[in-house]
Amino acid sequence: MTAPAATRRPRARALTAEAGPLGLRVPVRTALTCAALLLAGFAAFLASVVMGTYAVPLNDVLGALFGYGDGAADLVVHTLRLPRALTAMLAGIAFGLAGAVYQAVTRNPLASPDLIGISAGAGAGAVATILFGGVTAAGAGTFGAVPYGALGGALLTAAVIYAFAFRGGTITGYRFVLVGIAAAGALAALTRWMLARADIDQAARAMVWLTGSLNGRSWSHVEWIGYALLILLPLTLALARAYQLLQFDDATALSLGMRLHRARIVLLIAATCLAAVATSVAGPVAFVALGAPQIARRLAGTAGVPLVTSGLMGAVLLLAADLAGRLVLAPTELPVGIVTGAVGAPYLLYLLARSNRAGRGG
Amino acid sequence: MRKSGLPYLVDVSDTPAAAQAPPAPAPPPPARRGAARSVALTVLVLALVVAVFASLAVGSKSVALGDVFAALGGSREGDAVVVRDLRVPRTVLGLLVGLALGAAGAVAQDITRNPLGDPGLIGVSAGAAFAVAAGIGLFSLTHSYQYIWFAFLGGALAGLLAYTVGGTGYGGATPAKLALAGAAVTLFLGSFTSALVLLDVNTLDQYRSWAVGSLAGRNADLGPQLAPFVIAGLILALALSGRLNALALGDDLATTLGARVRTTRALGAVAVIVLTGAAVAAAGPVTFVGLVIPHLVRAFTGPDARWLIPCSALGGGVLLLAADVIGRVVARPGELEAGVVTAVIGAPFLAVMVKRGKLREHTR
């Protein structure tokens, strides 16, 4: 990082666009990665609608989409596959963005809703709802009040974490992480305790939810997460510049004219809401929030965690994992939470092992 | 070398006055910290003694302290049987697990240079959990003494895998790579554990009682069997403590100063794997102890690993034994598992310490 090295190195090629006060500069490799991910996501989305135990020809899919389809295909596409694929896509975006913001703000590659207690809070809320709320539906798809229990658990946990981590007008990454892991540990122990005492059938049902599943997601789920993203997505993207600066150390960010305290809190709250909403519709799906930003960073070759790329990566990961979970052991379906870890983690391990050049290691 | 703030006028280092002056420009460890360390160590030792006796005396049947001493002296009358046959093995086991987790947590946070570095982080707990689930689901094990060695082996293999992946490529096992590889291995194995548990209700039924983390109902000879591993791990951790301090400077500076960064980190990982493997095998995933205790202890000892590691070990013993005793008392005649109690006590404590600003980001 010395000055001579900086002058010797050719400037990274970038696409720039300026409109009034707004300036946007995107490195070419990041743009290409985003384009590739968009294509992959689109392909995975189409495949999720077309493939399954009952294959719907692409023509019928288009028919169902544009309203000239007939009976069976129309039913499968409209009531089963389309809402499920949309839920996967939106939840994936939310998990990816939430993970990226957590990792950037705390400057810790391990920070993610999984480890900071948001998922644990959602899990405890959901399991409590299943055990004490008398959720007796046999099907794994009909969870009744469980999403509300999960959302409540996640937001309550987040509120407690903020209350304890807030000091001197702001929340530093270190305090947030520490209080977060404390909350995660306590809530995970509470969940295991409830599971160990529960009736075994209820425990089994709770385990399915705790793994994360997209089985039987309906249009109400899509609406729910769709409206939430309509608010949270613009809010997060509007703070993209603050997000970039927060990845430097505090002194640099301040000297670049950042209102550090406020930006950090708003970003963390937005990320928490993203994670909570995504968890409430899909369950605490493992790995996406932690892995997507790290994979995105290595694909795009950026120094920090890229925001938009992470969101797209999350969507691709969740769509592909859900598709794999439906096809691999068909007709048995694997919950998506099993597949994300089983597929995504080895890929991240491969990227880690392959990164053998200086500066790419961390 | 100019040691004064005076610019260039006089090279003060050659003057007799400067030669006689105390050589320490670096702030010496303040006397207060030295005192705080000694006090912390003394308090922890005393607390551990109290916790041990409480663990021997308190339970669904309380035993008078006199009878406890009698039992330890060899008596086999009345309550002494309870103490000798049930409470002593359980206390020994709790002590070993607590010491192991506390020390492992401190080492794990040093080698990953990450406050999230809990001993479960380099994949050990997930490996043990997967091995237990596989032992129950695929090999039809039914008793806890059967899957203890499964757990140990699984934990060790998973830890090795994480370390190997984190250690390939440029720079070896850098903290961030090690932590990420550990998290990835944890999530990878967690997927398979969930699959095993979801596909078979009987597996879930047995697995969930192991996963909650408890010291109850373990075989009497388990403590002596695991003791060699824990003791070896503790000795390794303590022997490494001075070298771990060098790692805190950052890999580049440590290398410049002649520290063998890779060897130290590899040996640290071995200590963590052995200690955590033994602890998780014995008591299930009670990893919260290893996560919280080093943070709390660091507030009193500072980041010096030579103090942090022994104090964390003692603190781990105190927390686990205290949690076990409290678990026996609060839910009479039933018991609350130690794994639940440690988290329920530890989490608010840590949160309050953070809120009061007692815990600051350490310099690493």
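Chain A contains 15 helices and four strands, where helices (H or I, at least four residues) and strands (E, at least two) are DSSP runs, numbered from the N terminus. Chain B, by contrast, has 14 helices and zero strands. Its pattern along the sequence is α-α-α-α-α-α-α-α-α-α-α-α-α-α.

Residues are numbered from 1 along each chain as its sequence is written, and chains are lettered from A and ligands numbered from 1 in the order in which they are written.

Next, the confidence of the prediction. The term pLDDT is the predictor's confidence in each residue, from 0 to 100. The average for chain A is 79, and 86% of its residues score at least 70. Two residues are in contact if their C-beta atoms, placed from the backbone, lie within 7 Å.

I turn to burial. A residue is buried if 20 or more other C-beta atoms lie within 10 Å of its own, exposed if 12 or fewer, and partly exposed in between, with C-beta atoms placed from the backbone. Of the 362 residues in chain A, 52% are buried. In chain B, 52% of the 364 residues are buried. As for contacts between residues at least 6 apart in sequence, 74% of those in chain A join residues at least 24 apart. For chain B, the share of contacts with a separation of 6 or more that comes from residues 24 or more positions apart is 75%.

Some individual residues illustrate these terms. Is B:Leu138 buried or exposed? B:Leu138 counts as exposed because it has 11 C-beta neighbours inside 10 Å. This residue belongs to helix α5 (residues 124–139) of chain B. B:Phe229, in helix α9 (residues 222–247) of chain B, has 20 C-beta neighbours inside 10 Å and therefore counts as buried. Not counting residues up to four places away in sequence, B:Phe229 touches B:Val274 and B:Ala278. B:Phe229 and B:Ala279 are 50 residues apart in sequence, yet their C-alpha atoms are 9.6 Å apart in space.

In chain A, A:Phe287 lies in the loop between α12 (260–282) and α13 (288–300). A:Phe287 counts as buried because 33 C-beta neighbours lie inside 10 Å. Its phi is near 80 degrees, a positive value in a residue other than glycine. Most residues other than glycine have a negative phi.

Let us now consider how helices pack within chain A. The axes of helix α6 (residues 146–165) and helix α7 (residues 173–197) of chain A come within 9 Å and cross at roughly 140 degrees. Axes are lines fitted to C-alpha atoms, for helices over the stretch in contact, and angles run from 0 to 180 degrees between N-to-C directions. α6(A) is therefore oblique to α7(A). Angles under 35 degrees count as roughly parallel, over 145 as roughly antiparallel, 65 to 115 as roughly perpendicular and the rest as oblique.

Finally, the two chains meet. Which element gives the largest share of the side of chain B that touches chain A? In total, 50 residues of chain B are in contact with 51 residues of chain A. The largest share of that side of chain B, 16 residues, comes from α7(B). By class, the side of chain B that touches chain A has 31 nonpolar, 13 polar and six charged residues. Here Ala, Val, Leu, Ile, Met, Phe, Trp, Tyr, Cys and Pro count as nonpolar, Asp, Glu, Lys and Arg as charged, and the others, Gly among them, as polar.

One helix pair spans the two chains. The axes of helix α15 (residues 336–354) of chain A and α7(B) come within 8 Å and cross at roughly 155 degrees. α15(A) and α7(B) are therefore roughly antiparallel to each other. Among the residues that meet are A:Gly341 and A:Leu349 in α15(A), and B:Leu187 and B:Phe188 in α7(B).

Technical notes
Predicted model: local features only at pLDDT ≥ 70, side-chain atom pairs only at ≥ 80, totals over all residues.
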